[in-house]
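Visitor: I am new to this structure and would like to learn how to read it. Please take me through it one feature at a time.

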Amino acid sequence: MATDHSRTAARIMISPAVILLLAWMIVPLAMTLYFSFLRYNLLMPGMEEWIGFDNYVYFFEDPAFKAAIINTLVLVIGVLLITVVGGTLLALLLDQPMFGQGIVRILTIAPFLVMPTVSALVWKNMFMNPVNGLFAHLFKALGFAPYDFLGNAPLASIVFMVAWMWLPFAALILLTALQSLDQEQIEAAEMDGAGAFARFFYIVVPHLSRAATVVILIETIFLLSVFAEILVTTNGGPGYASTNLTYLVYVQSLLQFDVGAGAAGGVIAIILANIVAIFLMRMIGKNLDA
Amino acid sequence: MARKVSTSRKLIVTAVAWTIGILLFFPILWIFLTSFKTEAVAIADPPVFLFFDWTTENYTTVQERSNYFRHFWNSVVISIGSTVLGLIIAVPAAWAMAFVPGKRTKDVLMWMLSTKMLPPVGVLIPIYLLFRDMGLLDTRIGLTIVLMLINLPIIVWMLYTYFREIPGEILEASRMDGASLRDEIIYVLTPMAVPGIASTLLLNIILAWNEAFWTLNLTAAKAAPLTAFIASYSSPEGLFYAKLSAASTMAIAPIMILGWFSQKQLVRGLTFGAVK
Amino acid sequence: MGRITLNQITKSFGDKQVIPPLDLEINDGEFVVFVGPSGCGKSTLLRLIAGLEDVSSGDIVIDGTPATDLPPAKRGLAMVFQSYALYPHMSVRKNIAFPLKMAKTDKAEIDRKVTNAAEVLNLTDYLDNRPGQLSGGQRQRVAIGRAIVREPAAFLFDEPLSNLDAALRVNMRAEISELHQQLATTMVYVTHDQVEAMTMADKIVVLHAGVIEQVGSPLELYERPRNRFVAGFIGSPKMNFLEGEPTAAYDAHAIGVRPEHITLSKTEGTWQGTVGLAEHLGSDTFVRIAVPGQGDMIVRTIGDFAVKPGETVFLTPDPAKIHRFDATGLALR
């Protein structure tokens, strides 16, 4: 159906999007890469000089860096665990016949629609605050001392907040996948004598595993960049206890004005994300042909 | 399933599901309720749920003290602006890729998606410096451009999938009927694509409204949308729970409503079609 | 009007040449059917004529005007698609009016032509409905209506009846043939169904792997097939082919005889075989007979022929109706 007329027209029509995205990607990336090899401090402009990999060395040797990497991993893996397992259970639940299913769906989707700053602040102040928060009231009512969540377990608290937001996402995706499962497959299995558990493990789980993989990959891409929640709750602290890689780079670049080191951190973050992206692209690519 | 499910099983499932649903939704409900309390009631122990003197004073205070509506308006302008701008660029591109697929179409599409996977922190510095030097920091325009760029892959992608669902033969028929390319787009393609375009619009307005990296780092007082404005409550003075709740309710209400209509679009847009 | 000439047309998709050099003349007012098995290139050929695909080489001339580089809109042709390709968001009236609107016809003229077309096709009651509310046959007619109002030099049909059920297909076949008589416009019709080809065509083009095997009237193809492929493609059930020993008497590599040109007898005949299956339709009987050394042969008899599977039976071909083929499959006359 493509003729030469349409092909040239097509190329012209794709160009603006391609050019913009190309510029958006290449220009800043190149700059970040370049800066990462400079000693460049915003407070002392004009004194940049090439220092090769020194920024990277500094970054790697910085104790904050090690903490940041570990925290990033903990954050990502923690949220993934909660959301994928919780999401699967929730999806299975929502797939069952019940009354008022539409409303329950809306209730469970809602957390994903809340902007991160609102979510984080509400959790921090109205729930986790050791003096006035609801959790504090609850603990006291049960006879326990209130717990300073963000002070004592900052990373875990942030994991909790982020998981609350992303659980609906995982559940929605998994529910969609669940509902796309061909009923006839299940009926065939029943005819073949498979009981409820067998049907779950041999048919439902493999079907869901593909969707779960997509959920994991996509969430990872976004979770590597968690920022707002940290900014408005703990500012990465106490110390570096809740600093992830993104926040560390932010601190270096915009708070300490050390562009060089921040750029190096940025490059590292890009490499990390790329690794995940490669897997995700392969999964999407498989589906594009379908 | 065509078989009957026992009512008791249905009831148990309903009870469990509603409980979990309400638990998940509870923080949002709490924000809403607290926004109508006085500050004193807001921190009361034991906590008060429904029976208190409802007041709207928080809403007026928030507006008076910090010109809430300007930030609200910023959010509106930036979300709608970036999405509409994105649509203008994306519609022709998605059209071309869906209807005149070439050897490289798939690669181009995948590459576009991959730009979305770039961690923003990797380009924070250059963008910040570029914006500073070009006078774009703390401007709505600057932010609109950035948000358009980060959502462009999703917009293109979603439109592409919707366009692909339009049978190619109908467009061929219009060509046989004497339609020029322009006629084809205006009279046939666009009307058939409107539902898809609307869905894409919806989802991306939501994503732009909730964006919380660039909106926090590239704005100060003037162009700050709601995400940034709310962030200013992280170091408040004095009692503020009720005011925070009022500000939050107003900030999230529009999206709650839009999101109600967007569940299918969410799945399609955010999983890049890898899950159907 | 409506004369189409294809000169040395080839079409390749990438490295694959699907249509080797091909020549074809379509005369004004003819009903030409492109027929052949799946993948033979008939739809591709139609789309080349329509302009929806570019030829790789060669040229197309429509009414004396070179059309090879013209876009579809400018060729003066109209096409009815297999899926009808109606505009779902427009009413029937607007669908039919669309080509006229594209040609910037004035409103009064458009209304006149649409009303006319609707009358001819029995669509007057449905003018304000949307395609989604119509049945398959009605949609088919809207697609035809949309083509008619263009008053094209030729109509192109791409397997238009494939999506209809059997009874409807028979009716629509007759309607399209009647339309052709009424309008006397050239029609180029693609189908894989040789019954449609035989009943509707003035001229049939049999295609196989992009190559034209034979062009001729239905009766010509039936009585004088040029090669084994055409002989086996036209006529249902298929012609029986025999090789080896029985061909000795006919000085050919292979011989063919149609099921309807064989008589069965329980007592004597040229060949002998065992009945495998008998299909009794009341009006005809189709008997499948296993003949040693030849495989299965099918014989058609009028009325009922009482045989049961396993019975021995004798076949005698009509000597005037035996087709002879050489080793390459070409017919010997």
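Guide: This is a predicted model. We can start with a pair of helices from two chains: helix 4 of chain A (residues 101-113) packs with helix 12 of chain B (residues 241-260), their axes 10 Å apart and at an angle of about 130 degrees.

Visitor: Which residues make the contact between helix 4 of chain A and helix 12 of chain B?

Guide: Helix 4 of chain A brings I106(A), A110(A) and L113(A), while helix 12 of chain B brings I255(B), M256(B), G259(B) and W260(B). By class, this contact has 6 nonpolar residues, 1 polar residue and no charged ones.

Visitor: What area is buried between chain B and chain C?

Guide: About 1700 Å² is buried between chain B and chain C, and carbon and sulfur atoms give 65% of that area. E169(B), M176(B) and D177(B) supply 43% of what chain B buries against chain C, more than any other three residues. The contact takes 15 residues from chain B and 24 from chain C.

Visitor: How many salt bridges are there between chain B and chain C?

Guide: The count is 2 salt bridges. The side chains of D177(B) and R146(C) meet in a salt bridge, at 3.4 Å from N to O, where the cut-off is 4 Å. D177(B) was also named among the three residues that supply 43% of the area chain B buries against chain C.

Terms used: Residues are numbered from 1 along each chain as its sequence is written. Chains are lettered from A and ligands numbered from 1 in the order in which they are written. This is a predicted model: local features need pLDDT of at least 70, side-chain atom pairs count only at pLDDT 80 or more; totals for chains, interfaces and linings use all residues. Side-chain values use heavy atoms; hydrogens and water are left out. Axes are lines fitted to C-alpha atoms, for helices over the stretch in contact, and angles run from 0 to 180 degrees between N-to-C directions. Helices (H or I, at least four residues) and strands (E, at least two) are DSSP runs, numbered from the N terminus. Contact means heavy atoms within 4.5 Å. Ala, Val, Leu, Ile, Met, Phe, Trp, Tyr, Cys and Pro count as nonpolar, Asp, Glu, Lys and Arg as charged, and the others, Gly among them, as polar. Buried area is the accessible area (1.4 Å probe) that two parts lose on being put together, summed over both.
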